[in-house]
Each structure stands twice: as C-alpha cells, then as structure tokens.
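Okay, everyone, thanks for coming. Let me put the structure up, and then I'll walk you through a few contacts.

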Amino acid sequence: MKQNILYSFRVLVLITLCVTEQVFAQAGEETPVPVPVACVRRHIETLASDEFAGRSGASALMAAEYVTDQFEKLKLQPVFAEESFLQVIPGPVDEAGNSTTAGWNVTARWTPAGAQFPNEYLIVAAHHDHLGSRKSGIYYGADDNASGVAMVVEVAKSLIRSDIKLDRSVLFVSFDLEEHLLFGSRWWTAHPPVPLEDIKFVIVADMLGRSLGDLPIDSVFLCGAEHGSGVRKTVSKIPFADTVQPVLLSDDFVGLRSDYGPFRDRKIPFLFASTGQSRDYHTMVDTADKIDFEQVAAISTGLARLIVAIGNQQKAPEWIESPEIDPSEVKAILEICRQIDEHAVEWELTAIQKFFVDQTRSRAERILSQKTITPEDQRWLTRTTQMLLFTVF
Ligand SMILES: [Zn+2]
C-alpha cells in the first residue's frame, strides 16, 4: 500500500513534526490540538520493538508500565488503591496455594477544571497486550494494538495540552489480556474504579494503522454508534482529516471484536474504532514499518474531537437497545465492495472471493432500492458484512 512510498518521506518530516509536540494551545481552546504523527510513531515503534517481546505476560507488564509512565508525565490522576495506575488482574492459585497475577490494566483519570459534570465519565481505551513470543519468533502486534494504545496516550495529551473546555471527566484505559477472551476488560468492568452508571460513553480502538485486507481504502470503521442516543449525529459532524473516511457501521455487523464487549453487555453507549484486519493480522509480520502513522494520528485527532463534542453535551448519550440499520451502512458496504471489485486483479482475488463480493453488491443494491430494510435484510446484512470484514480476505 501507500505506506512504503510514503515511508522515506515520513522519516524526513519526523524531526519537523516532533517540534509540534512542544506546542501548547491557547487557554480555553474549543478544538483539541492535532495529534503529532511523530509521537504516534514513537509509541508504536517502542511497543512493537524486540524489547517489548510481543507484550504478553511479563512483557505485557512492560507495556503497562510504558503507558503508566506516559500518564504520569501528563500528570493524570491514578484511580486504583494506593495511588496506582495499575489494576492487578488475578490469575489462578498455583500448586503451592499462592495467588498469581494474570495481567495488569492501566487507568488514569482527568477531570478538567470547571467541568460541569465531573462525576460523569467518558472512556478512551485500547488493549496493550498481544500474542508474545514463540519459538518461531516475536509477534510484534504493531497494528494490533500498539496503534490503539498510541491513540489513547495521544488523545490524552491533545486534550490536556489544548486546555480544552470539557464538562465531563475522562478515563484513559489500557487493557491487558484482550487476546485472552477480553479478560482484562471483563475484569475491569467487574471491578470498576468508578461506578459503572457514571460511565456515559466509551471509545475502544483496536487496529488503526493498516487497512481492511490491505485494500487501498482509507476508511476507519466506527461501530456501535447506533446504540447511543445522538451519537451517530455527533460523529457525522466531527471533522476528520481528508485522508481518513469515517464509516459508521452497526456493531451487529462486526460482532464481538474487542474490549467494548463488556461495556455493551452493560448497556453503556460505546464506539468501536478500527481500520479492519490487515493480511498480517495475528502473524509475526504485523510490524511497525507497515503502519500508516499519519492515518493513526488523523484518527486520534478525530476521536479527541469526538470526546470534546460528547463531553460538552448537556445530556449524555443514553442506551438504545434495538437500533435500526441506517441506509448509509448499506451504502458503506456497497462502497467497500466497489473498491474490492476495482482491485480484484491487483489483489489476486480468488473466484470464490469475487463471487462473494458480487453477490453482496447486488443484494445491497436491491436493499437500497427498497423503501425499508426488512428484518430479513438486516439479518443477511449482518451475516454478510461479518464475513466480508473478517473472513473473506
Ligand atoms: Zn486487538
């Protein structure tokens, strides 16, 4: 993809961009300062380095400590006992009868000065763990999910340095053990540092630095907005950089993919942000050199803006149990099919993949030409999109 062509260019601009990190916005700004590409890059290259050994077990603790260090530098507040940013996730009792530790979640709080609802919380979260090292080598997990962690840290920095007006508090969370059936976020929501009813909106990011099947599409999928009242509308008003196209999709379409699951189960409005699974998903070649750092920075800036928009609403989003599919989602599916079709030869699609895409396209077109989306259409869309986004490529 375009990353390779842009790679050397980015090396050149890195030094220039690092200067941006030192820039503080004027007090009372309403738009958060853009997230610097150089900083995103530094986090991803660090977390996906040999030293961090794939971030599992003891090396996941290194990642947790890295994030803690970033939060301390930003002077965020710890939320766990004994002024700690770390939440211990207990493991099974060992043979000697001693308790063990399975992992560590990280959480920091920021309560903006003058916030109208300081006891209401928004969450910005990602998971820092990955698959670790095996005999065959290190699973670096640059996209999954060093990219998401970079977003969390940089959104925190952007909001704080912008001296933004914000009426709600924010929790910045880095989960462990996502790769183990979401155990980190399950533990966190079962042992939350603030009452769950005070959590009004959650953003979870997983994989922001590549693209779906490495196809040349510049979409960031934003899933689940339909469950929060007014969230779709707010998201659609947020300006994202021209290089990133936000695509709203129903969470039904993506199933359970990441740490938003335990929040969704508790009916807390959420948004799951992802650029989709690349072809290197869960392989040893999900490495930092393949990451589109500009894309991660642009998405992070957009999400910081979204936090400001929702954080300043007089009424926080409320849970909607059974939302309807919006025609724009069918259009988004069509657009993905169109782009895949366009590159079918280049991407060496198999006959089966091509057949699947064509079938999806014609049925999506038919659904769009109808006045309403029937429950049967909805079921079909859900099944098909799940396959399209996660199994076909
Ligand atoms: Zn992940």
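So, salt bridges to begin with: there are 21 of them in the structure, counting a side-chain nitrogen of Lys or Arg within 4 Å of a carboxyl oxygen of Asp or Glu. Before I go on, a caveat: this is a predicted model, where local features need pLDDT of at least 70 and side-chain atom pairs count only at pLDDT 80 or more, while totals for chains, interfaces and linings use all residues. Residues are numbered from 1 along each chain as its sequence is written, and side-chain values use heavy atoms, with hydrogens and water left out.

Take lysine 354 and aspartate 341, whose side chains form a salt bridge at 3.3 Å, N to O. Because lysine 354 sits in helix α11 (residues 351-369) and aspartate 341 in helix α10 (residues 327-342), this pair ties together parts 13 residues apart in sequence. Helices here are DSSP runs of H or I with at least four residues, strands are runs of E with at least two, and both are numbered from the N terminus. Buried or exposed? Aspartate 341 counts as buried at 18% relative accessibility, and lysine 354 as partly exposed at 31%. The cut-offs are under 20% relative accessible area for buried, over 50% for exposed, and partly exposed in between, with a 1.4 Å probe and protein chains only. These two also belong to a salt-bridge network that links Asp341, Lys354, Asp358, Arg361 and Glu365.

Next up, arginine 363. It has a salt bridge with glutamate 376, where the closest N and O atoms are 3.9 Å apart. As for burial, arginine 363 is buried at 18%, aspartate 377 is buried at 5%, and glutamate 376 is partly exposed at 36%.

On to the rings. How many aromatic pairs does a search of the whole structure find? Ten, where rings of Phe, Tyr and Trp (its six-membered ring) pair if their centres lie within 6.5 Å, and planes under 30 degrees apart count as stacked, over 60 as edge-to-face and the rest as tilted. Phenylalanine 175 and phenylalanine 263 are tilted, because their planes are at 45°, with centres 6.3 Å apart. Phenylalanine 175 is in strand β7 (residues 168-175) and phenylalanine 263 in helix α8 (residues 261-265), so the pair ties together parts 88 residues apart in sequence. Phenylalanine 175 is buried at 0%, and phenylalanine 263 is buried at 0% too. There's also an aromatic cluster made of Tyr260, Phe270, Phe272 and Trp319.

Histidine 127 is in strand β4 (residues 117-127) and aspartate 206 in the loop between β8 (199-205) and β9 (219-223), 79 residues apart. Both of them are buried.
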